[in-house]
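Student: I am new to this structure. Could you take me through it, one question at a time?

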Amino acid sequence: MNLGIFGGSFDPPHIAHSRIAEFARSVFGLELVLWVPAYDPPHKSQNQLTQYQNRLGMVQAATADHGSFRVSDVESMLERPTYTVRMLEALRKRYPDAEFYLILGSDSLKQFQTWLRPDIIAQEVQLLVYPRAGYVIAETDLPEYLCGRVQFMEAPEMAISAEHIRSRLSSGQSVRHLVSDSVLSYIIKHRLYTGYNNCGDNNE
């Protein structure tokens, strides 16, 4: 099985996430895309993130209607902080026969050498890299251990960020068409992101 692994904070998951995951699935023939919300990423403190169970719940809401998307809580079972290399080790036990493809942005690829054991990660997965504004990387810039392990997606850049969505929510602005209706319903139900006052139907 060709298994896509799509990790991130997903705070909140938005339509660009869904489109990237679907683009990778369709173009690279992935049978399943596994969304993996980060539990305790080393580059962010816990007080910078919405509670894990709520981020997990939002991802479940975002992916519920897609037959080839699944959600994994594997990171919640790992030693903290949670690193990608350890997450992959845990998933390998669950999917021993799968071919792994790690979906990440060009901004993350730019920082890839700072990750824990990037060489081991590169041995375990093919990297499917989608474009992020301001982060253009040529194959000739890649370290030797990534040669032949990176495939660049010819996907359109989407100028949507979770930070921008949080800012709009905190100031009471609409996020219609930035997050799915199911994610918005979850946000309203659980009163996430301070300042959001059920304004999702506002016309701006």
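Tutor: Start with a term: buried means under 20% relative accessible area, exposed over 50%, and partly exposed in between (1.4 Å probe, protein chains only). This is a predicted model, in which local features need pLDDT of at least 70 and side-chain atom pairs count only at pLDDT 80 or more, while totals for chains, interfaces and linings use all residues. Residues are numbered from 1 along each chain as its sequence is written, and side-chain values use heavy atoms, with hydrogens and water left out.

Student: What pLDDT does the chain average?
Tutor: pLDDT is the predictor's confidence in each residue, from 0 to 100. Over residues 197–204 it stays under 50, but 94% of the residues score at least 70. The chain average is 92.

Student: In which order do the six strands of the open sheet lie?
Tutor: Helices (H or I, at least four residues) and strands (E, at least two) are DSSP runs, numbered from the N terminus. Two strands pair if DSSP finds at least two bridges between them. The edge strands, each pairing on one side only, are E3 (69–71) and E6 (150–152). With parallel pairing, the order is E3-E2-E1-E4-E5-E6.

Student: How many bridges join E1 to E4?
Tutor: E1 covers residues 2–8 and E4 covers residues 99–105, and the two run parallel. Asparagine 2 stands opposite glutamate 99 in E4. The number of bridges between E1 and E4 is five.

Student: At about what angle to E2 does helix H2 run?
Tutor: Axes are lines fitted to C-alpha atoms, for helices over the stretch in contact, and angles run from 0 to 180 degrees between N-to-C directions. Helix H2 (residues 52–63) lies across E2 (32–37) and E3. Its angle to E2 is about 160 degrees.

Student: Is threonine 63 buried or exposed?
Tutor: Threonine 63 lies in helix H2. Contact means heavy atoms within 4.5 Å, and threonine 63 touches Trp35, Phe69 and Val71, not counting residues up to four places away in sequence. Its relative accessible area is 4%, so threonine 63 is buried.

Student: How far is a polar atom of the side chain of threonine 63 from the backbone oxygen of valine 59?
Tutor: A polar contact is a pair of N or O atoms within 3.5 Å; within protein, one must be able to donate a hydrogen and the other to accept it, and residues adjacent in sequence count only if both atoms are side-chain atoms. For threonine 63 and valine 59, the distance is 2.9 Å.

Student: Within what arc do the buried residues of H6 fall, seen down its axis?
Tutor: In H6 (residues 162–170), the buried residues are Ala162, Ile165, Arg168 and Leu169. The arc is that of the directions from the helix axis to the C-beta atoms. These residues line one face of the helix because they fall within an arc of 120 degrees.

Student: Which residue does a cis peptide bond join to aspartate 11?
Tutor: Omega of this bond is about 5 degrees.

Student: Is histidine 177 buried or exposed?
Tutor: Histidine 177 is found in the loop between H6 and H7. Its phi is near 75 degrees, a positive value in a residue other than glycine. At 67% relative accessibility, histidine 177 counts as exposed.
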